Amino acid sequence: MGSRSSSPTTGETVAATPSVAFVTLGCPKNEADSDAMAGALGQSFRIARDAEDADVLVVNTCAFIRSAVEEAIDEILAAVEWKAARPGRRLVVTGCLPSRYGDELAPELPEVDAFVPVAEEGAIASVVASLTRSDLAAGSSPTPLRAVPTPTAYLKISDGCDRRCSYCTIPAIRGPYRSRREDEVVAEAEMLVAGGVREIVLVGQDVSRWGTDLGVERGLHDLLARIAAIDGDFRVRVMYLQPDGVTDALLEAMASAEKVCTYLDIPVQHASRTVLRAMGRRGDAESLLRLVERIRGYLPEATLRTTVMVGFPGETRRDVDELARFLEAARFDYVGVFAFSPEDGTKAAALQGQVPERTKKARAQRIRDRADEIGASRAARWVGRTVRVLVEGEEEGLAAGRTEGQALEIDGVTLFPGDVRPGEFVTVRVLESHGYDLYGEVQP
């Protein structure tokens, strides 16, 4: 079976103790959720790295768009085969799929022993105990276990969303916006650093809003300052900042905290005012360009990532032309380009003016091709310069790592020869760039 991640081992195994493995699909927020569930289960069960060694398999699903739902169903069907291969195995499906479809799933997938929506994932240990007829261990509060033991870890600081973008299923799946308590977030960050993590990635549905529901006056920038003050050689990356959340105070905090990556992931979705209003979003090409200019005023070397959607209902060729001109002017380092997917239960699915699939794909390819050209030219600006690289592993027979301008799994990598270990920071002189990837040599 394919999987995005699997669970770590936790030490000595005990034959009588049921073992649990994870398959995690979707975004980094799901990775963080799997870590939390593994922590809860690790109090009473053995956490297995490989599904073949497990008695229980937890498939943590994404269901944000149709393709994610299809991937989740395929993975569940593969897990059904896993279950059938050995008597006594149990299968649990968690995450966004049961949150979105609820009671509809059980009749369609009777082989699944339990469906656990996002809101009930805190009870995962009780669910597994019931399925395996096991007792739960008494003890201290569980702490997250690393789903993938790499130098980089995701730390979820919020969940849910109060925005009402007309195309989005997230509020229905994950509920209203909820910030985690500051002390809880900082304590987890301290635990990660103590455990050898060298990059902490702050994630949530709407990270820039962190603290607003807790009455925290200065919000995300103060949280960043507290995390950056933790002792240790590590860096902090922030993902999923909505445009209206990129304040001067946040940019000042990023500029002044050496451990905070000068990297901003800001999903603008489009540049046409007409399309953005139909999406239920603010702004237009002019205001978004001002935002980009303001960011680069504070952080001249900032790496900027965005996401855009084409083929939204009512979108015209002129709207796509405007989006293309905006991307030319903004010069993002990375652009994720998606074709609109009409999702059941969203306002956008019922709008007039649905764009034909063939047209959506052609528009997406046009924007993607130009964004890739711009991104490659942005990457080339590092040739001849030195960069600090976090070593992650090997690729193409070379050591592989990431600069602060390269986020895990979604951006380019930096490759170089050398005998280095994952988790090390090294200085690399960039000799050439190929697409989004950089190639260089370690400097003494």
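Tutor: Let's start with a term: contact means heavy atoms within 4.5 Å. This is a predicted model, where local features need pLDDT of at least 70, side-chain atom pairs count only at pLDDT 80 or more, and totals for chains, interfaces and linings use all residues. Residues are numbered from 1 along each chain as its sequence is written, and side-chain values use heavy atoms, leaving out hydrogens and water.

Student: Which residues of α8 and α9 meet, then?

Tutor: L220, H221 and L224 in α8 meet A249, L250, A253 and M254 in α9. By class, that contact has 6 nonpolar, 1 polar and no charged residues. Ala, Val, Leu, Ile, Met, Phe, Trp, Tyr, Cys and Pro count as nonpolar, Asp, Glu, Lys and Arg as charged, and the others, Gly among them, as polar.

Student: Why are α8 and α9 called roughly parallel?

Tutor: The axes of α8 (residues 219-228) and α9 (residues 248-256) cross at roughly 15° and come within 8 Å. Angles under 35 degrees count as roughly parallel, so α8 and α9 get that label.

Student: What makes β1 and β3 a pair?

Tutor: Two strands pair if DSSP finds at least two bridges between them. β1 (residues 19-24) and β3 (residues 56-61) have 5 bridges, in the parallel sense, so by that rule they pair.

Student: Why are β2 and β5 called edge strands?

Tutor: The open sheet runs β2-β1-β3-β4-β5, with parallel pairing. β2 (46-47) and β5 (114-117) each pair on one side only.

Methods. Axes fitted to C-alpha atoms, helices over the stretch in contact; angles between N-to-C directions. Helix = DSSP H or I, 4+ residues; strand = E, 2+ residues; numbered from the N terminus. Parallel < 35°, antiparallel > 145°, perpendicular 65-115°, else oblique.
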